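Here are a few exercises to work through with the model open. Try each one yourself before reading its solution.

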Amino acid sequence: DEGAEALADGLKVNTELLSLDLSSNQITDAGASALAEGLMFNPALQRLDLSSNANLTDDAASSFSRTLITNDALQQLDLSSSNITTDGATALMESIRVNRFFQYLGLRNCKNISEDVQEAITRQMKVFSTVGMHFCPPEQEQEEEQEQEQEQEHKQEQEHECQLSDWSDWTTCNISIGSCIQTRSRSVLTTAALRSDCANSTETLICSPELCFAEARRLL
């Protein structure tokens, strides 16, 4: 926490640093409280990552909730994989409601936040559409995300499709130099702009000797 407190002192005078990653450390509530206090005087920092600091509890959430009421620079705060509970998440949400600049709160893998509260906050987030909160999503939400991804992939595939007409009938056998063949073809109906390999196509079939002989006699 001494390192976090030193950084907090720096934040009070910082005017250039935009992002600070302190994930996967051993920062406790005391260090988080110092950082939150430093942010009250900071006009620049936009992103603070404190994910995977398992010692952070509702006291840390309470410290940041007070900061977010007055700080209009910070846009992203990640507290995922911490020991923040339902009470801490609710306090943060109440602060974000009055902060029109904030965009993202990470609370993934926070096992002590009840599913009911996650769903309640998600419903509130639909009203405050400028804020993006990310929790450990319920199974239903995960399924919806997978369906949306599949729909997007299908749409992209359709945009790259090359649509061709049906095959024409086979032509009669045609005798040319050294060959006796019949052909059929199909043409392009629609093609995506990104497809450069979409073109009219033709298939060729070698005629049987009997048909070739008959065609030759007809031409004599």
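**Exercise 1.** Work out whether R100 is buried or exposed.

Solution. R100 has a relative accessibility of 68%. Buried means under 20% relative accessible area, exposed over 50%, and partly exposed in between, with a 1.4 Å probe and protein chains only. At 68%, R100 therefore counts as exposed.

A quick word on ground rules: this is a predicted model, where local features need pLDDT of at least 70 and side-chain atom pairs count only at pLDDT 80 or more, while totals for chains, interfaces and linings use all residues. Residues are numbered from 1 along each chain as its sequence is written, and side-chain values use heavy atoms, leaving out hydrogens and water.

**Exercise 2.** Place R100 in the fold.

Solution. Start with the loop between helix 4 (86–96) and strand 4 (104–107): that's where R100 sits. Helices (H or I, at least four residues) and strands (E, at least two) are DSSP runs, numbered from the N terminus. Next, look at I69, 31 residues away along the chain: its C-alpha atom is 9.8 Å from that of R100.

**Exercise 3.** How are helix 1 and helix 2 oriented to each other?

Solution. First, the axes (lines fitted to C-alpha atoms over the stretch in contact, with angles from 0 to 180 degrees between N-to-C directions) of helix 1 (residues 2–11) and helix 2 (residues 29–39) come within 8 Å and cross at roughly 5 degrees. Then apply the cut-offs: under 35 degrees is roughly parallel, over 145 roughly antiparallel, 65 to 115 roughly perpendicular, and the rest oblique. So helix 1 and helix 2 are roughly parallel.
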